Amino acid sequence: MYSLFRKEINSFFGSITGYLVITVFLLVNGLFLWVIPGNFNIVESGYATLNGLFELAPWIYLLLVPAITMRLIAEERKSGTMELLLTRPLSEWQIVLGKYLAGVMLVVLSLLPTLVSFWAVYQLGSPVGNMDVGATWGSYIGLFFLAAIYTAIGIFSSSITTNQVVAFIYAIVLSFFFYTGFDYLADWTTGTLQNVVSELSISEHYKSISRGVIDSRDIIYFIATIGLLLKSSSLIIEARKQMVNKRFKAAGIVLAIFVGVLFVGNQTHVRLDLTAEKKFTLSDVTKELLDNQQKPIMVEVYMGGEVPGGFRNLRQSIIEKIEDIDAYASAAIHYRIINPYDEVGAKGRRKYFQSLVRKGLQPTEVKRKSDDGMQTMTIFPGVIIRQGNDEVALNLLKNNPMLNHEVNLNHSIETLEYEIARGLQILNQNEKQKIAYLTGQGEMDRWETMDLTVGLAENYNIGRITIDSLRKNISAYKALIIANPSKAFSEEEKYVVDQYIMQGGRTLWLFDPVQVSLDSLERGDMTLAFPRDLKLNDQLFRYGVRVNPDLIQDVQCLQIPIVAELANGQNKQIPAPWFYSPLLTPSQKHVIGRNLNLVKSEFVSSVEKVGDSNELSHEVILTTSKYARRLPTPQHVSLASVNAPPAQELFNESSIPVGMLIEGTFQSPFQNRILNFKRIDNEQFKSAANKMIVIADGSIVGNKVRRKPGQQTVYQRLGYDRYSKRTFGNKDFMINAINYLCDDNGLMQLRSRVVKMRLLDKVKIRENRLKWQLISVLCPVILFILGGFAYSFYRKRKYSR
């Protein structure tokens with residue numbers, strides 16, 4: 001076998017054809033990766049990754065491998081040397097295996113020079129080395145298996161004909177069919193048959209392993225398929241000297257073994273995630289959710305066609321996450337890439353886009369280069385998950401205007417598992433959890449909380465209840481939202497809320513401990529900010545938190561228009577900082593606030609932890625900026641203060657707590673107290689594990705409302721600022737807060753996943769683009785040719801002696 005192996009290697013490098021085939025491969029590969037614009041171009045993508053190589057390789061190998069393997073057996077049969085080989089002490093299997101190993105070695109030799117691109121991307125990373133090396137090596141393993149199975153197909157094609165050109169064509173056709181043909185057939189089938197057919201596709205397994213995830217099912221598939229093809233090749237050679245019917249019997253046995261191996265391999269599997277952040281490893285929470293998945297799922301990804309590099313990366317990450325989830329799902333999860341521009345003609349495009357918006361997808365506009373210059377295109381960076389007649393739309397782009405687009409796209413990738421798992425949970429839940437707004441103490445009305453209610457309605461049944469209704473249904477609601485009450489709570493009202501908490505109810509407190517007359521400010525008058533006693537201090541103190549009756553001013557704040565007189569005597573509105581409307585910072589260390597935009601607030605106060613109970617844990621989830629200060633109350637407040645702002649050195653407090661999460665076992669303030677009202681049945685004075693959130697600002701939960709007599713009431717987006725025309729992160733923050741309070745299985749923890757952003761150094765590329773293109777395109781070719789010359793020189797010197 002070794003002699004046969006060496007003969008094939010020498011034969012390949014003994015002709016100009018061998019050098020020409022691999023040189024063309026390396027040139028085409030380098031040009032697509034570094035020069036020709038398109039989806040494979042590394043520089044255009046902006047990311048320090050070789051994904052372009054691993055996406056391009058299946059198509060280039062479709063021509064390269066058949067060119068290498070077409071002569072391996074066909075030439076032996078045509079020249080009559082096959083009969084000579086069969087007289088040697090070699091079995092048909094050894095002949096096939098020897099030639100196969102030679103073919104694999106030749107393909108691997110063509111692959112080695114691509115490591116120059118690996119080195120170039122490593123050097124171009126920002127900083128140098130900012131590349132997921134583990135994932136890249138894992139992808140090379142996938143590329144090796146792809147080359148190995150293409151070589152096996154080439155050997156089989158070469159064994160069924162004596163014509164090299166015919167063998168070349170057969171190998172291309174069979175390789176193409178094995179790579180994509182089964183995918184097309186799967187689209188025409190349904191159910192179990194669809195899964196079986198798709199499992200026979202090379203692309204199904206290569207795409208998985210080329211990401212850097214080594215799955216035992218993929219390894220078994222490659223090895224079993226290679227074995228089937230090689231054994232079939234040896235049977236074809238044997239058929240020339242034995243009875244055909246015996247060969248058919250042997251072929252049937254081989255096929256049965258192949259099917260059996262694949263079946264057994266798919267019953268259980270082991271996955272090894274080689275990526276640095278283990279980004280393709282699903283959490284136990286998601287796996288548990290998938291165990292209960294009983295019906296097939298279709299995920300429609302509305303990001304098809306030509307999109308900018310960052311969105312291509314997001315699209316690929318979405319596809320990869322769907323494939324990871326499908327690997328563990330009890331029922332099949334399929335996906336379809338949709339280009340909204342191709343779904344309808346130009347005339348119906350606007351109407352179609354509007355239909356997607358009505359379904360819940362939010363569009364975003366981006367600019368891209370074209371032959372006519374810069375063009376604006378609409379992208380829907382989201383998916384619609386369908387299960388039977390049910391569907392849910394997920395917007396996957398985290399668009400924080402305070403961050404650049406690269407960071408936003410990376411944050412979007414980080415939360416993919418959470419968003420998709422949340423969508424599956426919505427589709428599979430038998431009954432929505434109930435939450436309620438408390439009413440009766442002057443809280444915000446339904447219109448003032450309408451935008452938040454609409455955002456929560458997808459996951460929850462939402463109601464509005466009084467204290468009396470809560471008393472009668474103390475365990476009916478998972479969470480209670482106390483949205484900016486203006487009237488003091490009576491002892492009986494506090495007792496009912498306390499018993500709701502003691503019996504497991506989650507609570508979101510949002511109120512102003514300081515009262516400010518907004519009507520007076522809007523008229524331009526001075527007003528007095530003074531403490532508002534809602535009679536909640538003693539109760540919250542017992543729960544481990546205090547809300548202070550102070551006012552916070554922050555340099556990071558909204559701007560309001562003021563009238564200024566210009567030099568020519570004319571008046572003009574100019575923006576000025578309104579320090580009483582801080583733009584609060586959600587905690588990036590907690591899943592509630594991670595990756596969120598700033599939160600708009602108005603006349604906010606501070607909160608602080610009290611007590612040292614070891615049964616409670618406290619975490620600040622909302623703070624001011626690094627430059628803030630607290631003012632005692634009573635305090636005069638006037639719009640005229642924008643004309644004489646405080647000195648900057650007065651803003652000397654950093655990250656003042658405004659919102660706090662408290663988790664643990666709460667003690668009731670009503671224990672051992674004599675009450676002059678009726679007690680609740682089965683009252684408790686110590687809760688089980690529970691959680692609540694306290695925020696010292698009631699305005700952050702409310703949207704602005706426009707009410708005019710005789711006209712329809714209209715509400716604005718939560719967090720919208722009409723002067724800057726920006727929407728802040730209030731809605732996302734509040735939804736995350738409710739989701740966290742109601743989350744008992746740890747789904748919200750998926751938002752804590754971190755994926756390191758790996759970008760190319762734009763300065764290096766701009767200044768030395770040509771240099772790196774020449775290195776990456778020409779060096780692999782030069783190295784290969786020098787290696788070939790060195791090998792030829794070694795052989796001549798060896799055999800000339």
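Predicted model: local features only at pLDDT ≥ 70, side-chain atom pairs only at ≥ 80, totals over all residues.
1. Three strands make up an open sheet, and their order is 13-14-23, with antiparallel pairing. At the edges sit strand 13 (514-515) and strand 23 (635-637), each of which pairs on one side only. If you're new to sheets, keep in mind that strands pair through backbone hydrogen bonds, either parallel or antiparallel.

2. Now zoom in on one of those pairings. Strand 14 covers residues 527-531, and three bridges join it to strand 23, with the two running antiparallel. For a landmark, look for Ala529, which stands opposite Gln635 in strand 23.

3. Is Thr633 buried or exposed? Its relative accessibility is 17%, and buried means under 20%, so Thr633 counts as buried.

4. What does Thr633 touch? Setting aside neighbours within four places in sequence, Thr633 is in contact with Val514, Ala529, Phe530, Pro531, Pro549, Asp550 and Leu551.

5. Finally, hop over to helix 26, residues 730-742. From first C-alpha to last, its 13 residues reach 18 Å, close to the 18 Å expected at 1.5 Å a residue. Of those 13 residues, 11 are buried, so helix 26 is largely enclosed by the rest of the structure. Among the buried ones are Phe733, Met734, Ile735, Tyr740 and Leu741, and the list also includes Asn730, Asn736 and Asn739.

Notes:
Residues numbered from 1 in each chain as written. Heavy atoms only, no water. Pairing = 2+ DSSP bridges. Helix = DSSP H or I, 4+ residues; strand = E, 2+ residues; numbered from the N terminus. Buried < 20%, exposed > 50% of the residue type's maximum accessible area, 1.4 Å probe, protein only. Contact = heavy atoms within 4.5 Å. Expected span 1.5 Å × (residues − 1).
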